[in-house]
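Keep the structure open while reading.

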Amino acid sequence: MSWGFVCLCAAASAATVYSTSALSSALLAGFRHQLDRLSAAAQARVVFGVVLLPLVLGAAVMTAALAPYLGWIIDHCTVTHEVHAHPHLCHAHVMQLPTWTLIALGLVLLLRLVVRAARVSWSGVTMFTTERSLVRLCRGAERDGTRVLPFEYPQAFVVGALRPRLFVTRGLLSEEHREHLQPVLLHERAHLRRHDPLRRLVASLALAFHLPGVAGWLERTLGRAHEMAADAEAARELGNPERVAQALVTLTRAQRHVPLAALAFGGSDVEARVATLLDRRPRFDHPGTLALVAGALLLVALVARSAGAVHHGVEIVLGLLGG
Amino acid sequence: MTARQKSLPALGELELELLELLWRTGDVDVTESHAVIGKRRGISPNTVGSALERLFKKGLASRTKVSHAYRYTARIAADEFAARRVLDAAGGIQFLANTGLLSAFVDLVADVDDAALDRLETLIAEKRGERGGG
(Lines give C-alpha, C1' and ligand atoms only; values in the text may rest on other atoms or scores of the structure.)
Protein backbone atom coordinates (compact mmCIF):
# COMPACT_ATOMS: atom_id res chain seq x y z
CA MET A 1 0.00 0.00 0.00
CA SER A 2 1.45 3.39 -0.98
CA TRP A 3 1.48 6.52 1.24
CA GLY A 4 -0.69 8.20 -1.39
CA PHE A 5 -3.36 5.56 -0.93
CA VAL A 6 -3.19 6.02 2.87
CA CYS A 7 -3.61 9.79 2.37
CA LEU A 8 -6.60 9.15 0.15
CA CYS A 9 -8.19 6.90 2.79
CA ALA A 10 -7.51 9.53 5.50
CA ALA A 11 -9.07 12.23 3.30
CA ALA A 12 -12.11 10.04 2.65
CA SER A 13 -12.43 9.40 6.41
CA ALA A 14 -12.09 13.12 7.13
CA ALA A 15 -14.77 14.00 4.56
CA THR A 16 -17.12 11.41 6.07
CA VAL A 17 -16.63 12.20 9.75
CA TYR A 18 -16.56 15.97 9.38
CA SER A 19 -19.70 16.08 7.22
CA THR A 20 -21.41 13.77 9.77
CA SER A 21 -20.18 16.05 12.58
CA ALA A 22 -21.58 19.17 10.88
CA LEU A 23 -24.90 17.52 10.06
CA SER A 24 -25.47 15.82 13.43
CA SER A 25 -24.52 18.90 15.48
CA ALA A 26 -26.75 21.12 13.28
CA LEU A 27 -29.62 18.67 13.91
CA LEU A 28 -28.90 18.65 17.65
CA ALA A 29 -28.89 22.46 17.76
CA GLY A 30 -31.97 22.68 15.51
CA PHE A 31 -33.99 20.25 17.60
CA ARG A 32 -32.93 21.58 21.01
CA HIS A 33 -36.51 22.54 21.94
CA GLN A 34 -37.63 18.98 21.22
CA LEU A 35 -34.62 17.73 23.17
CA ASP A 36 -35.75 19.79 26.18
CA ARG A 37 -38.91 17.66 26.35
CA LEU A 38 -36.79 14.59 27.11
CA SER A 39 -35.64 13.55 30.57
CA ALA A 40 -32.14 14.67 31.58
CA ALA A 41 -30.86 11.09 31.27
CA ALA A 42 -32.36 10.73 27.76
CA GLN A 43 -30.77 14.05 26.72
CA ALA A 44 -27.40 12.81 27.98
CA ARG A 45 -27.84 9.59 25.93
CA VAL A 46 -28.74 11.52 22.77
CA VAL A 47 -25.76 13.89 23.12
CA PHE A 48 -23.45 10.92 23.76
CA GLY A 49 -24.89 9.26 20.63
CA VAL A 50 -24.19 12.39 18.57
CA VAL A 51 -20.62 12.43 19.95
CA LEU A 52 -20.08 8.82 18.81
CA LEU A 53 -21.93 9.11 15.48
CA PRO A 54 -19.07 10.32 13.24
CA LEU A 55 -16.80 7.58 14.62
CA VAL A 56 -19.40 4.83 14.05
CA LEU A 57 -20.58 6.10 10.67
CA GLY A 58 -17.04 6.93 9.58
CA ALA A 59 -15.87 3.38 10.39
CA ALA A 60 -18.87 1.88 8.54
CA VAL A 61 -18.47 4.11 5.47
CA MET A 62 -14.71 3.54 5.25
CA THR A 63 -15.14 -0.23 5.58
CA ALA A 64 -17.74 -0.12 2.78
CA ALA A 65 -15.56 2.21 0.69
CA LEU A 66 -12.62 -0.18 1.00
CA ALA A 67 -14.76 -3.28 0.40
CA PRO A 68 -13.53 -3.70 -3.24
CA TYR A 69 -9.92 -3.22 -2.09
CA LEU A 70 -10.44 -5.88 0.59
CA GLY A 71 -11.98 -8.20 -2.01
CA TRP A 72 -15.45 -8.25 -0.45
CA ILE A 73 -17.21 -6.85 -3.50
CA ILE A 74 -16.24 -6.28 -7.13
CA ASP A 75 -15.17 -2.75 -7.98
CA HIS A 76 -17.34 -0.89 -10.48
CA CYS A 77 -14.30 0.26 -12.50
CA THR A 78 -13.16 -3.31 -13.15
CA VAL A 79 -16.64 -4.27 -14.38
CA THR A 80 -17.76 -1.33 -16.49
CA HIS A 81 -14.31 -0.24 -17.75
CA GLU A 82 -15.67 3.30 -17.84
CA VAL A 83 -13.28 6.17 -17.36
CA HIS A 84 -14.11 7.83 -14.03
CA ALA A 85 -12.58 11.23 -13.40
CA HIS A 86 -12.16 10.74 -9.66
CA PRO A 87 -9.65 9.05 -7.34
CA HIS A 88 -10.04 5.30 -6.88
CA LEU A 89 -9.96 3.22 -3.72
CA CYS A 90 -8.97 -0.07 -5.37
CA HIS A 91 -5.97 -2.32 -6.17
CA ALA A 92 -5.73 -1.09 -9.76
CA HIS A 93 -5.13 2.51 -8.64
CA VAL A 94 -3.25 1.90 -5.42
CA MET A 95 -0.20 3.92 -6.58
CA GLN A 96 -2.15 7.07 -7.51
CA LEU A 97 -1.09 10.37 -5.96
CA PRO A 98 -3.75 12.46 -4.21
CA THR A 99 -4.07 16.21 -4.74
CA TRP A 100 -2.69 18.63 -2.14
CA THR A 101 -6.24 19.43 -0.96
CA LEU A 102 -6.86 15.78 -0.16
CA ILE A 103 -3.45 15.42 1.50
CA ALA A 104 -4.22 18.46 3.70
CA LEU A 105 -7.68 17.10 4.58
CA GLY A 106 -6.25 13.73 5.56
CA LEU A 107 -3.47 15.35 7.59
CA VAL A 108 -5.97 17.48 9.53
CA LEU A 109 -7.78 14.32 10.66
CA LEU A 110 -4.59 12.45 11.52
CA LEU A 111 -3.19 15.43 13.40
CA ARG A 112 -6.38 15.90 15.41
CA LEU A 113 -6.35 12.20 16.25
CA VAL A 114 -2.75 12.40 17.50
CA VAL A 115 -3.50 15.55 19.56
CA ARG A 116 -6.63 14.00 21.11
CA ALA A 117 -4.84 10.74 21.89
CA ALA A 118 -2.00 12.71 23.53
CA ARG A 119 -4.53 14.76 25.55
CA VAL A 120 -6.35 11.62 26.74
CA SER A 121 -3.03 9.92 27.62
CA TRP A 122 -1.89 13.01 29.52
CA SER A 123 -5.21 13.19 31.37
CA GLY A 124 -4.67 9.55 32.40
CA VAL A 125 -1.26 10.40 33.87
CA THR A 126 -2.62 13.55 35.55
CA MET A 127 -5.57 11.63 36.94
CA PHE A 128 -3.21 9.09 38.51
CA THR A 129 -0.93 11.69 40.15
CA THR A 130 -3.74 14.01 41.26
CA GLU A 131 -5.84 11.20 42.70
CA ARG A 132 -2.83 9.93 44.64
CA SER A 133 -2.20 13.43 46.02
CA LEU A 134 -5.84 13.79 47.01
CA VAL A 135 -5.85 10.42 48.79
CA ARG A 136 -2.64 11.41 50.63
CA LEU A 137 -4.22 14.71 51.64
CA CYS A 138 -7.15 12.91 53.24
CA ARG A 139 -4.71 11.10 55.60
CA GLY A 140 -7.15 8.24 55.91
CA ALA A 141 -10.10 10.50 56.80
CA GLU A 142 -13.20 8.71 55.56
CA ARG A 143 -16.91 8.85 56.13
CA ASP A 144 -19.24 6.13 54.75
CA GLY A 145 -16.59 5.13 52.20
CA THR A 146 -16.13 8.73 51.04
CA ARG A 147 -12.75 10.39 51.45
CA VAL A 148 -12.67 13.67 53.33
CA LEU A 149 -10.36 16.51 52.24
CA PRO A 150 -9.08 19.09 54.74
CA PHE A 151 -10.73 22.13 53.10
CA GLU A 152 -13.19 24.34 54.93
CA TYR A 153 -15.44 25.29 52.01
CA PRO A 154 -18.21 22.90 50.89
CA GLN A 155 -17.46 20.84 47.80
CA ALA A 156 -17.80 17.27 46.52
CA PHE A 157 -16.46 15.66 43.37
CA VAL A 158 -15.70 12.40 41.63
CA VAL A 159 -12.25 11.68 40.15
CA GLY A 160 -11.29 8.81 37.86
CA ALA A 161 -12.67 6.86 34.92
CA LEU A 162 -12.52 3.11 35.45
CA ARG A 163 -12.59 3.16 39.26
CA PRO A 164 -13.75 6.68 40.13
CA ARG A 165 -13.50 7.87 43.73
CA LEU A 166 -15.76 10.24 45.60
CA PHE A 167 -14.22 13.06 47.66
CA VAL A 168 -15.93 15.58 49.93
CA THR A 169 -14.43 18.51 51.81
CA ARG A 170 -14.55 18.92 55.59
CA GLY A 171 -16.64 22.07 55.00
CA LEU A 172 -19.46 20.05 53.45
CA LEU A 173 -19.62 17.85 56.57
CA SER A 174 -19.88 20.88 58.87
CA GLU A 175 -23.10 21.70 60.74
CA GLU A 176 -23.64 24.71 58.45
CA HIS A 177 -24.04 22.54 55.36
CA ARG A 178 -25.46 19.39 56.95
CA GLU A 179 -28.84 19.66 55.18
CA HIS A 180 -27.09 19.79 51.78
CA LEU A 181 -24.89 16.75 52.35
CA GLN A 182 -27.46 14.17 51.28
CA PRO A 183 -28.47 15.76 47.94
CA VAL A 184 -24.81 16.38 47.12
CA LEU A 185 -23.80 12.79 47.88
CA LEU A 186 -26.78 11.41 45.92
CA HIS A 187 -25.75 13.57 42.95
CA GLU A 188 -22.14 12.36 43.04
CA ARG A 189 -23.14 8.71 43.54
CA ALA A 190 -25.44 9.05 40.52
CA HIS A 191 -22.33 9.98 38.48
CA LEU A 192 -20.63 6.81 39.75
CA ARG A 193 -23.63 4.60 38.98
CA ARG A 194 -24.09 6.08 35.51
CA HIS A 195 -20.34 5.69 34.72
CA ASP A 196 -20.30 9.33 33.59
CA PRO A 197 -16.49 9.75 33.95
CA LEU A 198 -15.91 6.73 31.69
CA ARG A 199 -18.39 8.09 29.14
CA ARG A 200 -16.54 11.41 29.20
CA LEU A 201 -13.25 9.60 28.57
CA VAL A 202 -14.70 7.70 25.58
CA ALA A 203 -16.29 10.93 24.34
CA SER A 204 -12.98 12.72 24.69
CA LEU A 205 -11.45 10.33 22.13
CA ALA A 206 -14.50 10.23 19.85
CA LEU A 207 -14.52 14.04 19.66
CA ALA A 208 -11.36 13.83 17.52
CA PHE A 209 -13.76 12.89 14.70
CA HIS A 210 -15.73 16.13 15.04
CA LEU A 211 -15.02 19.54 13.55
CA PRO A 212 -12.86 21.59 15.98
CA GLY A 213 -15.56 24.11 17.03
CA VAL A 214 -18.25 21.44 17.19
CA ALA A 215 -16.06 19.21 19.41
CA GLY A 216 -15.74 21.92 22.10
CA TRP A 217 -19.46 22.68 22.01
CA LEU A 218 -20.39 18.99 22.26
CA GLU A 219 -17.92 18.45 25.13
CA ARG A 220 -19.60 21.25 27.11
CA THR A 221 -23.10 20.06 26.17
CA LEU A 222 -22.30 16.50 27.26
CA GLY A 223 -20.80 17.71 30.56
CA ARG A 224 -23.90 19.77 31.29
CA ALA A 225 -26.20 16.88 30.30
CA HIS A 226 -24.37 14.56 32.72
CA GLU A 227 -24.71 17.09 35.56
CA MET A 228 -28.44 17.47 34.87
CA ALA A 229 -28.93 13.70 34.70
CA ALA A 230 -27.17 13.30 38.08
CA ASP A 231 -29.29 16.16 39.50
CA ALA A 232 -32.47 14.46 38.27
CA GLU A 233 -31.45 11.13 39.79
CA ALA A 234 -30.65 12.77 43.16
CA ALA A 235 -34.00 14.62 43.06
CA ARG A 236 -35.88 11.41 42.27
CA GLU A 237 -34.20 9.51 45.12
CA LEU A 238 -34.90 12.33 47.56
CA GLY A 239 -38.38 12.90 46.17
CA ASN A 240 -37.59 16.59 46.49
CA PRO A 241 -36.06 18.48 43.52
CA GLU A 242 -36.18 21.78 45.43
CA ARG A 243 -33.72 20.42 47.99
CA VAL A 244 -31.20 19.56 45.28
CA ALA A 245 -31.76 23.00 43.70
CA GLN A 246 -31.26 24.69 47.08
CA ALA A 247 -28.02 22.75 47.66
CA LEU A 248 -26.79 23.93 44.23
CA VAL A 249 -27.53 27.59 44.97
CA THR A 250 -26.18 27.54 48.55
CA LEU A 251 -22.95 25.79 47.62
CA THR A 252 -22.43 28.02 44.59
CA ARG A 253 -22.87 31.05 46.84
CA ALA A 254 -20.37 29.59 49.32
CA GLN A 255 -17.82 29.02 46.51
CA ARG A 256 -18.13 32.62 45.34
CA HIS A 257 -16.65 33.87 48.59
CA VAL A 258 -13.66 31.54 48.60
CA PRO A 259 -10.75 33.71 47.42
CA LEU A 260 -8.17 30.98 47.07
CA ALA A 261 -9.91 27.71 46.51
CA ALA A 262 -7.81 24.69 45.63
CA LEU A 263 -10.58 22.90 43.83
CA ALA A 264 -11.32 25.38 41.06
CA PHE A 265 -13.56 23.59 38.60
CA GLY A 266 -15.40 24.85 35.58
CA GLY A 267 -18.22 23.73 33.38
CA SER A 268 -21.43 23.50 35.34
CA ASP A 269 -24.32 25.86 34.70
CA VAL A 270 -26.16 26.60 37.93
CA GLU A 271 -29.04 28.64 36.48
CA ALA A 272 -29.89 26.06 33.81
CA ARG A 273 -29.58 23.20 36.29
CA VAL A 274 -31.89 24.84 38.84
CA ALA A 275 -34.42 25.73 36.12
CA THR A 276 -34.42 22.11 34.89
CA LEU A 277 -34.83 20.74 38.43
CA LEU A 278 -37.80 23.01 39.10
CA ASP A 279 -39.48 22.37 35.75
CA ARG A 280 -42.31 19.97 36.55
CA ARG A 281 -43.50 19.34 32.99
CA PRO A 282 -43.65 15.63 32.20
CA ARG A 283 -40.64 14.45 30.19
CA PHE A 284 -40.12 11.43 27.95
CA ASP A 285 -37.39 9.02 28.92
CA HIS A 286 -36.79 7.95 25.31
CA PRO A 287 -34.79 6.97 23.38
CA GLY A 288 -33.27 4.31 25.64
CA THR A 289 -29.74 2.96 25.27
CA LEU A 290 -31.03 -0.15 23.45
CA ALA A 291 -32.93 1.95 20.91
CA LEU A 292 -29.84 4.09 20.23
CA VAL A 293 -27.60 1.01 19.82
CA ALA A 294 -30.23 -0.58 17.53
CA GLY A 295 -30.37 2.64 15.48
CA ALA A 296 -26.58 2.67 15.12
CA LEU A 297 -26.54 -1.00 14.08
CA LEU A 298 -29.28 -0.35 11.53
CA LEU A 299 -27.26 2.52 10.08
CA VAL A 300 -24.16 0.31 9.85
CA ALA A 301 -26.23 -2.48 8.23
CA LEU A 302 -27.63 -0.03 5.65
CA VAL A 303 -24.14 1.20 4.79
CA ALA A 304 -22.85 -2.39 4.52
CA ARG A 305 -25.78 -3.38 2.30
CA SER A 306 -25.02 -0.52 -0.09
CA ALA A 307 -21.24 -1.04 -0.04
CA GLY A 308 -20.90 -0.67 -3.84
CA ALA A 309 -22.82 2.60 -3.92
CA VAL A 310 -21.01 3.91 -0.81
CA HIS A 311 -17.64 3.04 -2.38
CA HIS A 312 -18.46 4.93 -5.58
CA GLY A 313 -20.04 7.80 -3.61
CA VAL A 314 -16.90 8.27 -1.52
CA GLU A 315 -14.75 8.28 -4.67
CA ILE A 316 -17.01 10.93 -6.27
CA VAL A 317 -16.79 13.09 -3.13
CA LEU A 318 -13.00 12.73 -3.15
CA GLY A 319 -13.00 13.82 -6.80
CA LEU A 320 -15.10 16.88 -5.99
CA LEU A 321 -12.94 17.82 -3.00
CA GLY A 322 -9.68 17.19 -4.86
CA GLY A 323 -10.65 19.52 -7.71
CA MET B 1 -15.26 40.22 45.09
CA THR B 2 -11.67 39.07 45.29
CA ALA B 3 -10.47 37.51 42.07
CA ARG B 4 -9.98 33.77 42.43
CA GLN B 5 -6.67 32.22 41.60
CA LYS B 6 -6.39 28.67 40.35
CA SER B 7 -3.12 27.98 42.15
CA LEU B 8 -1.38 29.40 45.19
CA PRO B 9 0.48 32.63 44.47
CA ALA B 10 4.26 32.48 44.59
CA LEU B 11 5.59 33.57 47.99
CA GLY B 12 8.96 34.95 48.92
CA GLU B 13 10.82 33.77 52.02
CA LEU B 14 9.80 36.84 54.04
CA GLU B 15 6.13 36.49 53.04
CA LEU B 16 6.14 32.82 54.02
CA GLU B 17 7.75 33.62 57.37
CA LEU B 18 5.15 36.34 58.00
CA LEU B 19 2.33 33.96 57.08
CA GLU B 20 3.71 31.45 59.61
CA LEU B 21 3.77 34.26 62.18
CA LEU B 22 0.09 35.01 61.44
CA TRP B 23 -0.78 31.33 61.98
CA ARG B 24 1.10 31.31 65.30
CA THR B 25 -0.13 34.59 66.73
CA GLY B 26 -3.58 35.08 65.19
CA ASP B 27 -3.11 38.74 64.25
CA VAL B 28 -0.23 41.20 64.13
CA ASP B 29 0.56 44.71 62.93
CA VAL B 30 3.70 45.91 61.15
CA THR B 31 5.52 46.96 64.35
CA GLU B 32 4.96 43.61 66.05
CA SER B 33 5.98 41.70 62.89
CA HIS B 34 9.11 43.79 62.58
CA ALA B 35 10.01 43.11 66.24
CA VAL B 36 9.75 39.33 65.71
CA ILE B 37 11.07 38.90 62.15
CA GLY B 38 12.36 42.20 60.79
CA LYS B 39 14.98 42.94 63.46
CA ARG B 40 16.43 39.43 63.25
CA ARG B 41 16.66 39.75 59.47
CA GLY B 42 18.05 43.29 59.68
CA ILE B 43 15.30 44.79 57.50
CA SER B 44 13.26 47.95 57.97
CA PRO B 45 9.63 48.11 59.17
CA ASN B 46 8.71 49.42 55.69
CA THR B 47 9.97 46.19 54.08
CA VAL B 48 7.95 44.13 56.56
CA GLY B 49 4.90 46.34 55.90
CA SER B 50 5.26 45.87 52.13
CA ALA B 51 5.48 42.08 52.54
CA LEU B 52 2.32 42.08 54.69
CA GLU B 53 0.58 44.20 52.07
CA ARG B 54 1.61 41.69 49.38
CA LEU B 55 0.11 38.87 51.46
CA PHE B 56 -3.12 40.88 51.62
CA LYS B 57 -3.12 41.53 47.87
CA LYS B 58 -2.46 37.85 47.16
CA GLY B 59 -5.56 36.93 49.16
CA LEU B 60 -3.64 35.08 51.86
CA ALA B 61 -4.21 37.67 54.62
CA SER B 62 -7.02 40.01 55.59
CA ARG B 63 -6.57 43.29 57.46
CA THR B 64 -8.56 45.66 59.62
CA LYS B 65 -7.60 49.19 60.59
CA VAL B 66 -7.12 49.68 64.31
CA SER B 67 -6.29 53.34 65.19
CA HIS B 68 -3.79 54.26 62.48
CA ALA B 69 -2.33 50.82 61.82
CA TYR B 70 -3.55 47.73 59.97
CA ARG B 71 -3.76 44.44 61.88
CA TYR B 72 -3.29 41.40 59.65
CA THR B 73 -4.78 37.89 60.02
CA ALA B 74 -4.30 34.81 57.85
CA ARG B 75 -7.12 34.07 55.38
CA ILE B 76 -6.07 30.49 54.86
CA ALA B 77 -5.50 27.84 57.55
CA ALA B 78 -2.03 26.32 57.88
CA ASP B 79 -3.21 22.79 57.02
CA GLU B 80 -5.21 24.06 54.06
CA PHE B 81 -2.16 25.95 52.79
CA ALA B 82 -0.08 22.78 53.06
CA ALA B 83 -2.81 20.80 51.27
CA ARG B 84 -2.97 23.42 48.53
CA ARG B 85 0.77 23.14 47.98
CA VAL B 86 0.47 19.39 47.46
CA LEU B 87 -2.41 19.86 45.02
CA ASP B 88 -0.58 22.58 43.15
CA ALA B 89 2.35 20.19 42.82
CA ALA B 90 0.01 17.57 41.33
CA GLY B 91 -1.34 20.39 39.15
CA GLY B 92 -4.14 18.51 37.46
CA ILE B 93 -7.40 19.59 39.08
CA GLN B 94 -8.45 22.09 36.42
CA PHE B 95 -7.17 19.93 33.56
CA LEU B 96 -9.11 16.92 34.84
CA ALA B 97 -12.24 19.06 35.22
CA ASN B 98 -11.86 20.21 31.61
CA THR B 99 -11.51 16.66 30.33
CA GLY B 100 -14.46 15.39 32.38
CA LEU B 101 -12.39 13.00 34.50
CA LEU B 102 -13.30 15.09 37.51
CA SER B 103 -16.88 16.20 38.00
CA ALA B 104 -17.79 18.46 40.89
CA PHE B 105 -21.19 19.25 42.37
CA VAL B 106 -20.77 22.98 41.91
CA ASP B 107 -18.47 25.13 39.87
CA LEU B 108 -16.02 27.41 41.66
CA VAL B 109 -15.71 29.67 38.67
CA ALA B 110 -19.45 29.82 37.96
CA ASP B 111 -20.38 32.84 35.93
CA VAL B 112 -23.31 33.77 38.17
CA ASP B 113 -23.65 36.77 40.47
CA ASP B 114 -25.36 37.17 43.86
CA ALA B 115 -28.44 38.79 42.27
CA ALA B 116 -28.95 35.74 40.01
CA LEU B 117 -28.54 33.42 43.00
CA ASP B 118 -31.12 35.50 44.92
CA ARG B 119 -33.56 35.11 42.01
CA LEU B 120 -32.98 31.34 41.99
CA GLU B 121 -33.62 31.13 45.75
CA THR B 122 -36.90 33.04 45.32
CA LEU B 123 -37.89 30.64 42.54
CA ILE B 124 -37.09 27.62 44.74
CA ALA B 125 -39.14 29.11 47.61
CA GLU B 126 -42.08 29.64 45.23
CA LYS B 127 -41.92 26.05 44.01
CA ARG B 128 -41.72 24.83 47.61
CA GLY B 129 -44.80 26.94 48.38
CA GLU B 130 -46.69 25.47 45.39
CA ARG B 131 -45.75 21.96 46.47
CA GLY B 132 -46.72 22.68 50.09
CA GLY B 133 -50.01 24.17 48.91
CA GLY B 134 -50.71 20.98 46.98
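Helix 3 of chain A passes helix 8 of chain A in a left-handed crossing (the near helix is turned anticlockwise from the far one by less than a right angle; clockwise would be right-handed). This is a predicted model, in which local features need pLDDT of at least 70, side-chain atom pairs count only at pLDDT 80 or more, and totals for chains, interfaces and linings use all residues. Residues are numbered from 1 along each chain as its sequence is written, while chains are lettered from A and ligands numbered from 1 in the order in which they are written. Helices (H or I, at least four residues) and strands (E, at least two) are DSSP runs, numbered from the N terminus.

**Helix 3 against helix 8, chain A**

- Helix 3 spans residues 40-65 of chain A and helix 8 spans residues 196-206 of chain A; they pack at about 40°, with axes 9 Å apart.
- Helix 3 of chain A is therefore oblique to helix 8 of chain A (under 35 degrees is roughly parallel, over 145 roughly antiparallel, 65 to 115 roughly perpendicular, and the rest oblique).
- Axes are lines fitted to C-alpha atoms, for helices over the stretch in contact, and angles run from 0 to 180 degrees between N-to-C directions.
- From helix 3 of chain A, F48(A), V51(A), L52(A) and L55(A) meet R199(A), A203(A) and A206(A) of helix 8 of chain A (contact: C-beta atoms, placed from the backbone, within 7 Å).
- By class, the contact of helix 3 with helix 8 of chain A has 6 nonpolar, no polar and 1 charged residues (Ala, Val, Leu, Ile, Met, Phe, Trp, Tyr, Cys and Pro are nonpolar; Asp, Glu, Lys and Arg charged; the others, Gly among them, polar).

**A206(A) within that contact**

- A206(A) sits in helix 8 of chain A.
- A206(A) counts as buried because it has 21 C-beta neighbours inside 10 Å (buried: 20 or more other C-beta atoms within 10 Å; exposed: 12 or fewer; partly exposed: in between; C-beta atoms are placed from the backbone).
- Not counting residues up to four places away in sequence, A206(A) touches V51(A), L52(A) and L55(A).
- A206(A) and V56(A) are 150 residues apart in sequence, yet 9.3 Å apart in space, C-alpha to C-alpha.

**Helix 7 against helix 9, chain A**

- The axes of helix 7 and helix 9 (residues 212-238) of chain A come within 8 Å and cross at roughly 120°.
- Helix 7 of chain A is therefore oblique to helix 9 of chain A.
- The crossing of helix 7 and helix 9 of chain A is right-handed.
- By class, the contact of helix 7 with helix 9 of chain A has 7 nonpolar, 3 polar and 4 charged residues.

**Nonpolar cores**

- The largest nonpolar core has 97 residues (a core: buried Ala, Val, Leu, Ile, Met, Phe, Trp, Tyr and Cys residues joined through C-beta atoms within 7 Å).
- Its largest share, 16 residues, comes from helix 3 of chain A.
- Apart from it lies another core of 16 residues, including V28(B) and L60(B).

**Backbone exceptions**

- Most residues other than glycine have a negative phi, and most peptide bonds are trans.
- The peptide bond from H286(A) to P287(A) is cis, with omega near 0°.
- H195(A), in the loop between helix 7 (178-194) and helix 8 of chain A, has a positive phi near 55°.
- H195(A) is partly exposed because it has 14 C-beta neighbours inside 10 Å.
- S67(B) has a positive phi of about 55° and is exposed, with 7 other C-beta atoms within 10 Å.

Conventions
Contact = placed C-beta atoms within 7 Å.
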